[in-house]
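Reader: I have a structure open and would like to learn how to read a few of its features. Could you take me through them?

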Amino acid sequence: MYRDQVLPRGLDPVLRGREFAGPRARAAAGLEGEVLEIGFGSGLNIPFYPAGLKRVRAVDPAPAGRRLAARRAAACPVPVEYAGSDAQVLPVGDASVDSVLSTWTLCTIPDAALALAEIVRVLRPGGALRFVEHGLAPDERVARLQRRLTPLQRRAFGGCHLDRRIDQLVAAAGLELTRLDTYYMQGPRALAYAFAGVPVRS
């Protein structure tokens with residue numbers, strides 16, 4: 001009940017804050033063709049979809065998120081359809097999408113490496129994963145705090161890990177990381193270290 005109903009409603013007003021808009025816009029800016037979005041949630045990336053997309057297939061585990069997203073999806077000029085609830089087992093054909101979008105999602109997936117392997121499988125050659133995620137900071141004092149907080153963070157925020165090295169996970173999946181930006185967003189540093197990048201399937 002908490003994970004599927006309460007948490008999505010609590011996260012929606014937080015994640016639509018102004019500090020998240022810029023990273024969302026930059027992550028979505030280069031999307032093209034057939035798009036798969038993991039962690040679709042309440043549809044907060046919809047306003048940033050570029051014109052001309054063929055379709056967005058949405059993956060999210062929370063039923064409440066679908067209800068929160070319904071109005072945004074209905075107003076979107078791009079067709080949005082749901083394609084499952086688990087990014088670790090994507091019900092999408094091999095090499096069938098041009099772009100994958102992930103915003104603050106890889107931290108919550110139990111096996112992020114498995115989800116990235118699925119992303120590689122469904123991307124067409126030359127297709128790109130566009131992501132912004134939070135993860136382990138390079139400052140050791142911040143990183144120690146992140147490791148201490150992660151067990152509590154996982155229980156309170158749907159499995160969210162503060163201490164994942166997103167860049168290493170992406171590289172291990174075999175994607176070519178053509179661009180990577182790292183920075184602290186606004187807020188407590190243990191919660192605010194971000195990785196943003198555009199890895200491409202060769």
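Author: Start with tyrosine 184. This is a predicted model, and in it tyrosine 184 counts as partly exposed because its relative accessibility is 26%. Buried would require under 20%.

Reader: Is tyrosine 193 buried or exposed?

Author: Tyrosine 193 counts as buried, at 7% relative accessibility.

Reader: Which residues does the cluster of ring pairs link?

Author: Tyr184, Tyr193 and Phe195 are linked into a cluster by ring pairs. The structure holds 4 aromatic pairs. One of them joins phenylalanine 40 and tyrosine 82, edge-to-face, with 5.7 Å centre to centre and 85° between the planes. Phenylalanine 40 sits in the loop between strands E1 and E2 and tyrosine 82 in strand E3, so this pair ties together parts 42 residues apart in sequence. Phenylalanine 40 is buried, with a relative accessible area of 2%, whereas tyrosine 82 is partly exposed at 30%. Tyrosine 184 and tyrosine 193 form another edge-to-face pair, 5.0 Å centre to centre with 65° between the planes.

Reader: How do I read a helix? Which residues of helix H2 are buried?

Author: The general idea comes first. An α-helix has 3.6 residues a turn, so residues three or four places apart point the same way. In H2 (residues 18-28), the buried residues are Phe20, Pro23, Arg24, Ala27 and Ala28. They cover an arc of only 125° around the axis, which means that they lie on the same side of H2.

Reader: Where does H5 bend?

Author: H5 bends by about 45° at threonine 150, and proline 151 follows within four residues. H5 covers residues 140-156 and reaches 24 Å from its first C-alpha to its last, close to the 24 Å expected. Val142, Ala143, Gln146, Thr150 and Gln153 are buried in H5. Their cover includes strand E6, helix H7 and strand E7. After H5 comes glycine 158, with a positive phi near 65°.

Reader: Which residue other than glycine has a positive phi of about 50°?

Author: Most residues other than glycine have a negative phi. Alanine 95 has a positive phi of about 50°. Alanine 95 is placed in the loop between strands E3 and E4, and counts as partly exposed at 31% relative accessibility. Tryptophan 104 also has a positive phi, near 50°. Its loop runs between E4 and helix H4, and at 11% relative accessibility tryptophan 104 counts as buried.

Technical notes
Residues numbered from 1 in each chain as written. Predicted model: local features only at pLDDT ≥ 70, side-chain atom pairs only at ≥ 80, totals over all residues. Heavy atoms only, no water. Helix = DSSP H or I, 4+ residues; strand = E, 2+ residues; numbered from the N terminus. Expected span 1.5 Å × (residues − 1). Bend = angle between axes of the 7 residues up to and from the residue. Buried < 20%, exposed > 50% of the residue type's maximum accessible area, 1.4 Å probe, protein only. Contact = heavy atoms within 4.5 Å. Arc of directions from axis to C-beta. Phe/Tyr/Trp six-rings, centres within 6.5 Å; stacked < 30°, edge-to-face > 60°.
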